[in-house]
Number of protein chains: 2
Amino acid sequence: MAKEHSARTKLLQAALRVIRTKGYAATSVDELCETAGVTKGAFFHHFKSKEDLAVAAANYWSETTGAFFDAAPYQQLQDPLDRIFGYLDFRRMILNGSMPEITCLAGTMVQETYDTHPAIREACNASISGHAAKLAIDIDKAIGTHGISAEVTPDSLALFTQAVLQGAFILGKARNNPEIAAECVDHLRRYFEFIFQQSPEETRHGD
Amino acid sequence: MAKEHSARTKLLQAALRVIRTKGYAATSVDELCETAGVTKGAFFHHFKSKEDLAVAAANYWSETTGAFFDAAPYQQLQDPLDRIFGYLDFRRMILNGSMPEITCLAGTMVQETYDTHPAIREACNASISGHAAKLAIDIDKAIGTHGISAEVTPDSLALFTQAVLQGAFILGKARNNPEIAAECVDHLRRYFEFIFQQSPEETRHGD
DNA sequence: GACACCATACCAACCGGTCGGTATGCCTTG
DNA sequence: CAAGGCATACCGACCGGTTGGTATGGTGTC
(Lines give C-alpha, C1' and ligand atoms only; values in the text may rest on other atoms or scores of the structure.)
Protein backbone atom coordinates (compact mmCIF):
# COMPACT_ATOMS: atom_id res chain seq x y z
CA MET A 1 0.00 0.00 0.00
CA ALA A 2 2.88 2.38 0.72
CA LYS A 3 5.79 2.01 -1.64
CA GLU A 4 8.90 3.91 -0.82
CA HIS A 5 8.95 6.47 -3.61
CA SER A 6 5.29 6.73 -4.47
CA ALA A 7 3.72 10.12 -4.84
CA ARG A 8 1.84 9.54 -1.61
CA THR A 9 5.02 8.95 0.39
CA LYS A 10 6.78 11.89 -1.22
CA LEU A 11 3.86 14.11 -0.30
CA LEU A 12 3.90 12.90 3.29
CA GLN A 13 7.62 13.54 3.59
CA ALA A 14 7.19 16.96 2.04
CA ALA A 15 4.43 17.66 4.55
CA LEU A 16 6.72 16.86 7.47
CA ARG A 17 9.34 19.28 6.25
CA VAL A 18 7.13 22.16 5.13
CA ILE A 19 4.56 22.07 7.93
CA ARG A 20 7.27 21.94 10.58
CA THR A 21 8.79 25.02 8.99
CA LYS A 22 5.73 27.24 8.55
CA GLY A 23 2.79 25.48 10.14
CA TYR A 24 -0.33 23.90 8.70
CA ALA A 25 -2.43 26.87 7.65
CA ALA A 26 0.43 28.67 5.91
CA THR A 27 1.31 25.59 3.91
CA SER A 28 -0.48 25.51 0.57
CA VAL A 29 -1.32 22.42 -1.43
CA ASP A 30 0.61 23.86 -4.37
CA GLU A 31 3.77 24.24 -2.30
CA LEU A 32 3.43 20.72 -1.00
CA CYS A 33 3.16 19.40 -4.55
CA GLU A 34 6.13 21.45 -5.71
CA THR A 35 8.28 20.25 -2.80
CA ALA A 36 7.27 16.64 -3.38
CA GLY A 37 7.75 16.97 -7.13
CA VAL A 38 4.24 15.82 -7.98
CA THR A 39 1.20 17.46 -9.47
CA LYS A 40 -1.98 18.64 -7.89
CA GLY A 41 -3.82 15.78 -9.52
CA ALA A 42 -1.65 13.31 -7.65
CA PHE A 43 -2.32 15.12 -4.39
CA PHE A 44 -6.09 14.87 -4.60
CA HIS A 45 -5.86 11.35 -5.90
CA HIS A 46 -4.26 10.21 -2.65
CA PHE A 47 -5.87 12.65 -0.21
CA LYS A 48 -9.41 13.83 -0.39
CA SER A 49 -8.58 17.19 1.15
CA LYS A 50 -5.78 19.18 2.72
CA GLU A 51 -7.11 18.23 6.13
CA ASP A 52 -6.98 14.57 5.12
CA LEU A 53 -3.31 15.00 4.22
CA ALA A 54 -2.65 16.52 7.62
CA VAL A 55 -4.23 13.57 9.40
CA ALA A 56 -2.25 11.14 7.25
CA ALA A 57 0.93 13.13 7.93
CA ALA A 58 0.34 12.94 11.69
CA ASN A 59 -0.14 9.18 11.46
CA TYR A 60 2.94 8.88 9.26
CA TRP A 61 4.80 10.89 11.87
CA SER A 62 3.66 8.50 14.61
CA GLU A 63 4.85 5.49 12.60
CA THR A 64 8.26 6.84 11.61
CA THR A 65 9.14 8.34 14.97
CA GLY A 66 7.84 5.24 16.73
CA ALA A 67 10.14 3.06 14.66
CA PHE A 68 12.98 5.52 15.23
CA PHE A 69 12.76 5.34 19.02
CA ASP A 70 12.12 1.60 19.03
CA ALA A 71 15.42 1.16 17.19
CA ALA A 72 17.39 3.48 19.49
CA PRO A 73 20.30 1.83 21.36
CA TYR A 74 18.99 2.63 24.85
CA GLN A 75 16.10 0.23 24.28
CA GLN A 76 18.55 -2.65 24.75
CA LEU A 77 19.19 -1.74 28.39
CA GLN A 78 17.73 -4.23 30.85
CA ASP A 79 16.90 -1.95 33.75
CA PRO A 80 13.75 0.11 33.03
CA LEU A 81 15.24 3.05 34.94
CA ASP A 82 18.30 2.92 32.72
CA ARG A 83 16.02 2.97 29.71
CA ILE A 84 14.29 6.07 31.05
CA PHE A 85 17.56 7.96 31.49
CA GLY A 86 18.68 6.50 28.17
CA TYR A 87 15.59 7.98 26.60
CA LEU A 88 16.22 11.40 28.13
CA ASP A 89 19.89 11.40 27.09
CA PHE A 90 18.89 10.23 23.63
CA ARG A 91 16.35 13.01 23.28
CA ARG A 92 18.96 15.51 24.33
CA MET A 93 21.47 14.10 21.85
CA ILE A 94 19.14 14.36 18.85
CA LEU A 95 18.62 18.07 19.48
CA ASN A 96 21.34 18.77 16.96
CA GLY A 97 20.13 20.36 13.76
CA SER A 98 17.91 23.16 12.56
CA MET A 99 14.55 23.82 14.15
CA PRO A 100 12.43 22.29 11.37
CA GLU A 101 14.47 19.11 11.68
CA ILE A 102 14.27 18.60 15.43
CA THR A 103 10.75 19.77 16.25
CA CYS A 104 7.57 17.75 16.51
CA LEU A 105 5.03 17.79 13.71
CA ALA A 106 2.16 16.91 16.02
CA GLY A 107 2.95 19.67 18.51
CA THR A 108 3.28 22.21 15.73
CA MET A 109 0.05 21.29 13.99
CA VAL A 110 -2.15 20.89 17.03
CA GLN A 111 -1.46 24.46 18.16
CA GLU A 112 -3.31 25.96 15.21
CA THR A 113 -5.86 23.22 14.52
CA TYR A 114 -7.13 22.04 17.90
CA ASP A 115 -10.26 24.16 17.74
CA THR A 116 -10.96 24.22 14.01
CA HIS A 117 -9.94 20.73 12.78
CA PRO A 118 -10.96 18.04 15.28
CA ALA A 119 -9.66 15.23 13.08
CA ILE A 120 -6.17 16.72 13.00
CA ARG A 121 -6.27 17.40 16.73
CA GLU A 122 -7.10 13.79 17.44
CA ALA A 123 -4.35 12.47 15.17
CA CYS A 124 -1.81 14.75 16.85
CA ASN A 125 -3.02 13.71 20.26
CA ALA A 126 -2.66 10.05 19.31
CA SER A 127 0.92 10.74 18.29
CA ILE A 128 1.91 12.59 21.46
CA SER A 129 -0.09 10.56 23.95
CA GLY A 130 0.94 7.32 22.26
CA HIS A 131 4.60 8.22 22.51
CA ALA A 132 4.11 9.11 26.18
CA ALA A 133 2.31 5.84 26.85
CA LYS A 134 5.38 3.86 25.77
CA LEU A 135 7.53 5.82 28.20
CA ALA A 136 4.91 5.40 30.93
CA ILE A 137 5.40 1.62 30.76
CA ASP A 138 9.07 1.94 31.67
CA ILE A 139 8.29 4.51 34.35
CA ASP A 140 5.80 2.12 35.87
CA LYS A 141 8.36 -0.69 35.89
CA ALA A 142 11.07 1.57 37.28
CA ILE A 143 8.82 2.62 40.13
CA GLY A 144 8.19 -1.03 40.84
CA THR A 145 11.85 -1.99 40.95
CA HIS A 146 13.45 1.16 42.34
CA GLY A 147 10.76 2.72 44.43
CA ILE A 148 9.98 6.39 44.37
CA SER A 149 9.93 9.24 46.86
CA ALA A 150 7.13 11.43 45.54
CA GLU A 151 3.62 10.40 44.68
CA VAL A 152 3.44 10.69 40.92
CA THR A 153 1.65 8.47 38.44
CA PRO A 154 3.52 7.01 35.44
CA ASP A 155 1.08 8.50 32.94
CA SER A 156 1.28 11.97 34.43
CA LEU A 157 5.07 11.89 34.55
CA ALA A 158 5.34 10.59 30.98
CA LEU A 159 3.05 13.31 29.71
CA PHE A 160 5.09 15.86 31.63
CA THR A 161 8.19 14.80 29.69
CA GLN A 162 6.34 15.46 26.45
CA ALA A 163 5.20 18.84 27.72
CA VAL A 164 8.79 19.78 28.52
CA LEU A 165 9.92 18.72 25.07
CA GLN A 166 7.11 20.56 23.31
CA GLY A 167 7.80 23.66 25.37
CA ALA A 168 11.51 23.32 24.70
CA PHE A 169 10.78 23.45 20.98
CA ILE A 170 8.76 26.63 21.38
CA LEU A 171 11.55 28.24 23.38
CA GLY A 172 14.05 27.17 20.75
CA LYS A 173 11.93 28.66 18.00
CA ALA A 174 11.36 31.89 19.90
CA ARG A 175 15.04 32.35 20.69
CA ASN A 176 16.10 31.00 17.32
CA ASN A 177 18.50 28.66 19.07
CA PRO A 178 18.10 24.94 19.85
CA GLU A 179 20.52 25.24 22.78
CA ILE A 180 17.82 26.30 25.20
CA ALA A 181 15.92 23.13 24.31
CA ALA A 182 18.88 21.05 25.47
CA GLU A 183 18.95 22.97 28.75
CA CYS A 184 15.29 22.17 29.28
CA VAL A 185 16.01 18.46 28.85
CA ASP A 186 18.79 18.85 31.41
CA HIS A 187 16.28 20.22 33.90
CA LEU A 188 13.90 17.42 33.07
CA ARG A 189 16.63 14.86 33.68
CA ARG A 190 17.43 16.46 37.02
CA TYR A 191 13.76 16.17 37.98
CA PHE A 192 13.88 12.46 37.23
CA GLU A 193 17.08 12.14 39.28
CA PHE A 194 15.32 13.80 42.20
CA ILE A 195 12.29 11.59 41.88
CA PHE A 196 14.27 8.38 41.63
CA GLN A 197 16.73 9.58 44.28
CA GLN A 198 19.81 9.14 42.14
CA SER A 199 22.79 11.41 42.59
CA PRO A 200 23.67 13.24 39.35
CA GLU A 201 27.09 11.55 39.33
CA GLU A 202 25.65 8.07 39.57
CA THR A 203 24.58 8.00 35.92
CA ARG A 204 26.48 9.21 32.94
CA HIS A 205 25.45 12.55 31.50
CA GLY A 206 24.75 13.14 27.81
CA ASP A 207 27.95 14.75 26.53
CA MET B 1 -1.84 57.05 21.83
CA ALA B 2 -3.90 54.10 23.02
CA LYS B 3 -7.41 54.99 24.12
CA GLU B 4 -9.42 52.25 25.69
CA HIS B 5 -12.06 51.70 23.06
CA SER B 6 -10.31 52.92 19.95
CA ALA B 7 -10.40 50.83 16.82
CA ARG B 8 -6.75 50.00 17.36
CA THR B 9 -7.34 48.56 20.82
CA LYS B 10 -10.41 46.66 19.70
CA LEU B 11 -8.37 45.13 16.88
CA LEU B 12 -5.60 44.12 19.26
CA GLN B 13 -8.06 42.49 21.64
CA ALA B 14 -9.73 40.71 18.74
CA ALA B 15 -6.30 39.50 17.64
CA LEU B 16 -5.62 37.98 21.05
CA ARG B 17 -8.85 36.04 20.98
CA VAL B 18 -8.88 34.89 17.36
CA ILE B 19 -5.18 34.10 16.95
CA ARG B 20 -5.13 32.09 20.16
CA THR B 21 -8.04 30.08 18.79
CA LYS B 22 -6.86 29.34 15.25
CA GLY B 23 -3.33 30.63 14.91
CA TYR B 24 -1.82 33.47 12.93
CA ALA B 25 -1.91 32.19 9.36
CA ALA B 26 -5.48 30.96 9.54
CA THR B 27 -6.67 34.30 10.92
CA SER B 28 -7.78 36.64 8.15
CA VAL B 29 -7.82 40.40 8.28
CA ASP B 30 -11.51 40.35 7.45
CA GLU B 31 -12.32 38.12 10.41
CA LEU B 32 -10.27 40.34 12.68
CA CYS B 33 -12.20 43.38 11.52
CA GLU B 34 -15.53 41.64 11.93
CA THR B 35 -14.66 40.46 15.44
CA ALA B 36 -13.46 43.90 16.42
CA GLY B 37 -16.47 45.56 14.82
CA VAL B 38 -14.43 47.84 12.60
CA THR B 39 -13.84 48.10 8.88
CA LYS B 40 -10.84 47.21 6.81
CA GLY B 41 -10.02 50.88 6.35
CA ALA B 42 -9.53 51.20 10.10
CA PHE B 43 -7.31 48.15 10.13
CA PHE B 44 -4.87 49.42 7.54
CA HIS B 45 -4.99 52.88 9.02
CA HIS B 46 -3.51 51.61 12.29
CA PHE B 47 -1.39 48.73 10.98
CA LYS B 48 0.55 48.81 7.78
CA SER B 49 0.21 45.06 7.26
CA LYS B 50 -1.10 41.89 8.86
CA GLU B 51 2.42 41.14 10.07
CA ASP B 52 2.57 44.59 11.67
CA LEU B 53 -0.65 43.79 13.54
CA ALA B 54 0.88 40.55 14.79
CA VAL B 55 3.94 42.35 16.13
CA ALA B 56 1.74 44.95 17.82
CA ALA B 57 -0.44 42.17 19.26
CA ALA B 58 2.61 40.44 20.73
CA ASN B 59 3.74 43.70 22.33
CA TYR B 60 0.20 44.35 23.58
CA TRP B 61 0.26 40.85 25.02
CA SER B 62 3.52 41.60 26.82
CA GLU B 63 2.10 44.77 28.31
CA THR B 64 -1.23 43.38 29.48
CA THR B 65 0.12 40.13 30.88
CA GLY B 66 2.99 41.99 32.48
CA ALA B 67 0.58 44.27 34.27
CA PHE B 68 -1.58 41.28 35.19
CA PHE B 69 1.24 39.42 36.93
CA ASP B 70 2.62 42.58 38.50
CA ALA B 71 -0.75 43.10 40.17
CA ALA B 72 -1.10 39.50 41.38
CA PRO B 73 -1.32 39.07 45.17
CA TYR B 74 1.77 36.87 45.48
CA GLN B 75 3.94 39.83 44.51
CA GLN B 76 3.33 41.27 48.00
CA LEU B 77 5.22 38.42 49.68
CA GLN B 78 8.52 39.44 51.19
CA ASP B 79 10.50 36.26 50.73
CA PRO B 80 11.61 35.80 47.10
CA LEU B 81 11.18 32.03 47.44
CA ASP B 82 7.60 32.55 48.60
CA ARG B 83 7.04 34.73 45.54
CA ILE B 84 8.35 31.94 43.30
CA PHE B 85 5.97 29.37 44.75
CA GLY B 86 3.29 32.04 44.76
CA TYR B 87 3.92 32.51 41.06
CA LEU B 88 3.67 28.77 40.38
CA ASP B 89 0.49 28.40 42.42
CA PHE B 90 -0.96 31.46 40.72
CA ARG B 91 -0.19 30.05 37.28
CA ARG B 92 -1.87 26.84 38.25
CA MET B 93 -4.90 28.66 39.57
CA ILE B 94 -5.49 30.65 36.38
CA LEU B 95 -5.64 27.48 34.32
CA ASN B 96 -9.41 27.59 34.66
CA GLY B 97 -11.20 28.35 31.43
CA SER B 98 -11.27 27.32 27.81
CA MET B 99 -8.05 26.80 25.89
CA PRO B 100 -8.16 30.07 23.90
CA GLU B 101 -8.52 31.93 27.20
CA ILE B 102 -5.66 30.36 29.11
CA THR B 103 -3.02 29.87 26.42
CA CYS B 104 -0.15 32.14 25.43
CA LEU B 105 -0.39 34.29 22.33
CA ALA B 106 3.37 34.45 21.89
CA GLY B 107 3.86 30.71 22.14
CA THR B 108 1.06 30.09 19.68
CA MET B 109 2.27 32.60 17.11
CA VAL B 110 5.96 31.83 17.23
CA GLN B 111 5.36 28.19 16.32
CA GLU B 112 4.18 29.05 12.83
CA THR B 113 6.10 32.26 12.20
CA TYR B 114 9.62 31.72 13.56
CA ASP B 115 11.07 30.88 10.16
CA THR B 116 8.94 33.04 7.88
CA HIS B 117 8.29 36.24 9.89
CA PRO B 118 11.40 37.30 11.83
CA ALA B 119 9.72 40.41 13.22
CA ILE B 120 6.93 38.37 14.79
CA ARG B 121 9.40 35.83 16.13
CA GLU B 122 11.38 38.55 17.85
CA ALA B 123 8.29 40.15 19.38
CA CYS B 124 7.16 36.76 20.71
CA ASN B 125 10.62 36.06 22.05
CA ALA B 126 10.64 39.41 23.83
CA SER B 127 7.34 38.49 25.46
CA ILE B 128 8.40 35.05 26.64
CA SER B 129 11.99 35.83 27.55
CA GLY B 130 10.94 39.09 29.18
CA HIS B 131 8.43 37.29 31.37
CA ALA B 132 11.07 34.73 32.29
CA ALA B 133 13.58 37.45 33.13
CA LYS B 134 11.27 38.84 35.81
CA LEU B 135 11.01 35.42 37.40
CA ALA B 136 14.76 34.94 37.13
CA ILE B 137 15.29 37.94 39.41
CA ASP B 138 13.36 36.26 42.22
CA ILE B 139 15.09 32.95 41.56
CA ASP B 140 18.43 34.67 41.85
CA LYS B 141 17.41 36.27 45.15
CA ALA B 142 16.01 33.01 46.48
CA ILE B 143 19.22 31.21 45.70
CA GLY B 144 21.07 33.91 47.57
CA THR B 145 18.93 33.70 50.69
CA HIS B 146 18.00 30.01 50.76
CA GLY B 147 20.86 28.30 49.03
CA ILE B 148 20.43 25.59 46.48
CA SER B 149 21.44 21.97 46.11
CA ALA B 150 21.88 21.63 42.35
CA GLU B 151 23.92 23.84 40.10
CA VAL B 152 21.32 25.67 38.02
CA THR B 153 21.37 29.25 36.77
CA PRO B 154 18.41 31.57 37.43
CA ASP B 155 17.97 32.32 33.73
CA SER B 156 17.96 28.70 32.71
CA LEU B 157 15.52 27.73 35.43
CA ALA B 158 13.20 30.63 34.64
CA LEU B 159 13.17 29.72 30.95
CA PHE B 160 12.46 26.13 31.92
CA THR B 161 9.32 27.23 33.71
CA GLN B 162 8.15 28.91 30.54
CA ALA B 163 8.93 25.81 28.52
CA VAL B 164 6.83 23.71 30.89
CA LEU B 165 3.94 26.15 30.60
CA GLN B 166 4.14 26.33 26.81
CA GLY B 167 4.33 22.56 26.60
CA ALA B 168 1.44 22.25 29.04
CA PHE B 169 -0.68 24.35 26.70
CA ILE B 170 0.16 22.11 23.76
CA LEU B 171 -0.75 19.01 25.77
CA GLY B 172 -3.98 20.66 26.85
CA LYS B 173 -4.85 21.49 23.27
CA ALA B 174 -3.96 18.01 22.01
CA ARG B 175 -6.03 16.29 24.68
CA ASN B 176 -8.72 18.94 24.56
CA ASN B 177 -8.53 19.24 28.32
CA PRO B 178 -6.79 21.90 30.43
CA GLU B 179 -6.47 19.46 33.33
CA ILE B 180 -3.23 17.98 32.04
CA ALA B 181 -1.75 21.48 32.01
CA ALA B 182 -2.42 21.77 35.74
CA GLU B 183 -0.68 18.45 36.32
CA CYS B 184 2.36 19.74 34.46
CA VAL B 185 2.52 22.75 36.76
CA ASP B 186 2.31 20.34 39.71
CA HIS B 187 5.40 18.55 38.40
CA LEU B 188 7.14 21.85 37.87
CA ARG B 189 6.37 22.88 41.43
CA ARG B 190 7.74 19.59 42.72
CA TYR B 191 10.95 20.23 40.79
CA PHE B 192 11.28 23.58 42.51
CA GLU B 193 10.64 21.94 45.87
CA PHE B 194 13.43 19.46 45.16
CA ILE B 195 15.81 22.18 44.11
CA PHE B 196 15.09 24.38 47.08
CA GLN B 197 14.92 21.38 49.41
CA GLN B 198 11.48 22.10 50.74
CA SER B 199 9.20 19.29 51.82
CA PRO B 200 5.88 19.37 49.89
CA GLU B 201 3.95 19.91 53.13
CA GLU B 202 5.94 22.93 54.14
CA THR B 203 4.16 25.24 51.68
CA ARG B 204 0.51 25.42 50.89
CA HIS B 205 -0.62 23.75 47.70
CA GLY B 206 -2.81 25.40 45.05
CA ASP B 207 -6.25 24.05 45.81
C1' DG C 1 -7.98 73.74 6.44
C1' DA C 2 -4.94 70.34 8.03
C1' DC C 3 -4.95 66.18 10.10
C1' DA C 4 -6.33 61.83 12.36
C1' DC C 5 -9.72 58.54 11.86
C1' DC C 6 -12.46 55.66 9.49
C1' DA C 7 -15.81 53.77 5.57
C1' DT C 8 -16.53 51.89 0.91
C1' DA C 9 -15.20 50.04 -3.25
C1' DC C 10 -12.13 47.58 -5.48
C1' DC C 11 -8.05 44.61 -7.18
C1' DA C 12 -4.72 41.02 -8.54
C1' DA C 13 -2.88 36.99 -6.60
C1' DC C 14 -3.61 32.98 -4.52
C1' DC C 15 -6.41 29.48 -2.24
C1' DG C 16 -8.44 24.56 -1.92
C1' DG C 17 -10.73 21.74 -4.78
C1' DT C 18 -12.81 19.78 -9.36
C1' DC C 19 -12.80 17.69 -13.66
C1' DG C 20 -11.98 15.44 -18.10
C1' DG C 21 -8.57 12.91 -19.68
C1' DT C 22 -4.27 9.64 -20.22
C1' DA C 23 -0.93 5.86 -19.16
C1' DT C 24 -0.14 1.58 -17.25
C1' DG C 25 -0.78 -2.89 -15.60
C1' DC C 26 -3.41 -6.79 -13.88
C1' DC C 27 -7.22 -10.09 -14.33
C1' DT C 28 -10.36 -12.65 -16.91
C1' DT C 29 -12.12 -15.21 -20.71
C1' DG C 30 -11.74 -17.51 -25.02
C1' DC D 1 -1.53 -15.63 -25.79
C1' DA D 2 -4.64 -12.15 -27.44
C1' DA D 3 -8.12 -9.09 -26.41
C1' DG D 4 -11.35 -6.93 -23.60
C1' DG D 5 -12.45 -4.85 -19.22
C1' DC D 6 -11.40 -2.35 -15.48
C1' DA D 7 -8.86 -0.30 -11.43
C1' DT D 8 -5.06 2.50 -9.97
C1' DA D 9 -2.05 6.32 -10.59
C1' DC D 10 -1.40 10.49 -12.28
C1' DC D 11 -1.79 14.91 -15.12
C1' DG D 12 -2.74 19.98 -15.50
C1' DA D 13 -6.17 23.32 -16.93
C1' DC D 14 -9.71 25.41 -14.71
C1' DC D 15 -13.22 27.27 -11.16
C1' DG D 16 -15.38 30.18 -7.65
C1' DG D 17 -14.22 32.21 -3.60
C1' DT D 18 -10.97 34.37 -0.34
C1' DT D 19 -6.75 36.62 0.56
C1' DG D 20 -3.86 40.79 1.98
C1' DG D 21 -3.61 45.14 0.44
C1' DT D 22 -4.88 49.78 -2.01
C1' DA D 23 -7.23 53.97 -3.56
C1' DT D 24 -10.27 57.37 -2.53
C1' DG D 25 -13.45 59.97 -0.22
C1' DG D 26 -16.03 61.51 3.90
C1' DT D 27 -16.27 63.45 8.69
C1' DG D 28 -15.24 65.23 13.03
C1' DT D 29 -11.81 68.08 15.77
C1' DC D 30 -8.06 71.25 16.68
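Which residues in α9(A) meet which residues in α10(B)? A:Ser156, A:Leu159, A:Phe160 and A:Ala163 in α9(A) meet B:Ile180, B:Glu183, B:Cys184 and B:His187 in α10(B). Two residues are in contact here if their C-beta atoms, placed from the backbone, lie within 7 Å.

Welcome to this predicted model, in which local features need pLDDT of at least 70 and side-chain atom pairs count only at pLDDT 80 or more, while totals for chains, interfaces and linings use all residues. Residues are numbered from 1 along each chain as its sequence is written, and chains are lettered from A and ligands numbered from 1 in the order in which they are written.

**The two chains**

Let us stay with that helix pair. The axes of α9 (residues 154-175) of chain A and α10 (residues 179-195) of chain B come within 10 Å and cross at roughly 90 degrees. That makes α9(A) roughly perpendicular to α10(B) (65 to 115 degrees counts as roughly perpendicular; axes are lines fitted to C-alpha atoms, for helices over the stretch in contact, and angles run from 0 to 180 degrees between N-to-C directions). Helices are DSSP runs (H or I, at least four residues), numbered from the N terminus.

Across the whole interface, 44 residues of chain A are in contact with 44 residues of chain B. On the side of chain A that touches chain B, α1, α6 (99-102), α7 (105-113), α8 (118-146), α9 and α10 of chain A give two or more residues, and the largest share, 15 residues, comes from α9(A).

How do the two copies relate? Chain A can be laid on chain B with an RMSD of 0.0 Å by a turn of 180 degrees and a shift of 0.0 Å along the axis (superposed by least squares on the C-alpha atoms of residues with pLDDT of at least 70 in both). The two copies are thus related as by a two-fold rotation axis. In chain A, the C-alpha of A:Gly167 is nearest that axis, 1.9 Å from it.

**The DNA**

Around DNA strand D there are 17 residues, the closest being A:Ala7, A:Gly41, B:Ser28, B:Val29 and B:Lys50 (near means a C-beta atom, placed from the backbone, within 6 Å). Of the surface near DNA strand D, the largest share, 4 residues, comes from α3(A).

**Residue classes**

| α9(A) with α10(B) | 5 residues | 2 residues | 1 residue |

Ala, Val, Leu, Ile, Met, Phe, Trp, Tyr, Cys and Pro count as nonpolar, Asp, Glu, Lys and Arg as charged, and the others, Gly among them, as polar.

Notes: Parallel < 35°, antiparallel > 145°, perpendicular 65-115°, else oblique.
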